[in-house]
Amino acid sequence: MKLDQECVRYLLLTIEEEVLFNQYLWIEDLLRFQLLEKYSEEELLYTVLKLKEANFIDAHIESVESGSVITNAYVSQMTWHGHEFLDTIRDPEVWKQTKVAVSKVAGVSLSMLATVAGDLLLKKLNLS
């Protein structure tokens with residue numbers, strides 16, 4: 001399955017806004033929010049899994065005994081790395097320009113996406 005960069009951004013924005021301190025949201029809760037309503041449960045589960053692997057969020061993943069099939073998940077908070085990444089891609093204009101810049105290649109990692117967005121953000125702030 002391909003990691004949807006737009007889903008990553010929308011999920012992080014939603015987590016930041018909707019997951020209160022010392023609380024958590026299940027996948028079915030996340031599906032109710034406007035930014036995420038166009039994504040399937042499978043897409044959100046996959047994105048949560050990958051953001052957890054990247055240390056962008058703290059989440060609990062439920063799976064069948066073998067661990068190969070994910071059945072549900074909940075998100076408890078965004079990590080420091082998640083906040084840093086989101087702050088880099090938060091601005092809608094920077095995000096739009098980042099997507100245009102990376103569209104010239106077949107695919108980019110989240111760290112490369114952050115680098116491109118960071119460079120654009122520095123230019124927007126007249127710091128480069």
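Modeller: Let us start with two terms. Helices (H or I, at least four residues) and strands (E, at least two) are DSSP runs, numbered from the N terminus. The expected span of a helix is 1.5 Å times one less than its number of residues. As for the source, this is a predicted model, in which local features need pLDDT of at least 70 and side-chain atom pairs count only at pLDDT 80 or more, while totals for chains, interfaces and linings use all residues. Residues are numbered from 1 along each chain as its sequence is written, and side-chain values use heavy atoms, with hydrogens and water left out.

Colleague: What distance does helix 6 reach from its first C-alpha to its last?

Modeller: Helix 6 covers residues 110-124, which is 15 residues, and reaches 21 Å, close to the 21 Å expected. Helix 3 can be read in the same manner. Its 13 residues should span 18 Å, and its end C-alpha atoms are 18 Å apart, which agrees.

Colleague: Which residues of helix 6 are buried?

Modeller: The general idea is a cut-off: buried means under 20% relative accessible area, exposed over 50%, and partly exposed in between (1.4 Å probe, protein chains only). In helix 6, the buried residues are Leu110, Leu113, Val116, Ala117, Gly118 and Leu120. Met112 also belongs to helix 6, but Met112 is partly exposed, with a relative accessible area of 42%. Between Met112 and Val102 there are 9.0 Å in space, C-alpha to C-alpha, and 10 residues in sequence.

Colleague: What covers the buried residues of helix 6?

Modeller: Here one needs the term contact, which means heavy atoms within 4.5 Å. The cover of helix 6 includes helix 1 (5-18), helix 3 (41-53), helix 4 (80-89) and helix 5 (92-102). For helix 3, the buried residues are Leu44, Leu45, Thr47, Val48, Leu49 and Leu51. They pack against helix 1, helix 2 (27-30), strand 2, strand 3 and helix 6.

Colleague: Where is Asn72, and what does Asn72 contact?

Modeller: Asn72 is placed in strand 3 (residues 70-78) and is buried, with a relative accessible area of 13%. Leaving aside its neighbours within four places in sequence, Asn72 has contacts that include Trp26, Ile27, Glu28 and Leu45. His60, Ile61 and Glu62 are also in contact with Asn72.

Colleague: How many helices and strands does the protein have?

Modeller: The protein has 6 helices and 3 strands, and from the N terminus on its elements run α-β-α-α-β-β-α-α-α. The radius of gyration is 15 Å, close to the 14 Å that the globule rule gives for 128 residues, so the protein is as compact as a globular protein of that length. That radius is taken over C-alpha atoms, and the globule rule is 2.2 Å times the number of residues to the power 0.38. Along its principal axes the C-alpha trace spans about 50 × 35 × 25 Å.

Colleague: What share of the 128 residues is buried?

Modeller: Buried residues make up 36% of them. Of the contacts with a separation of 6 or more, 58% are between residues 24 or more positions apart.
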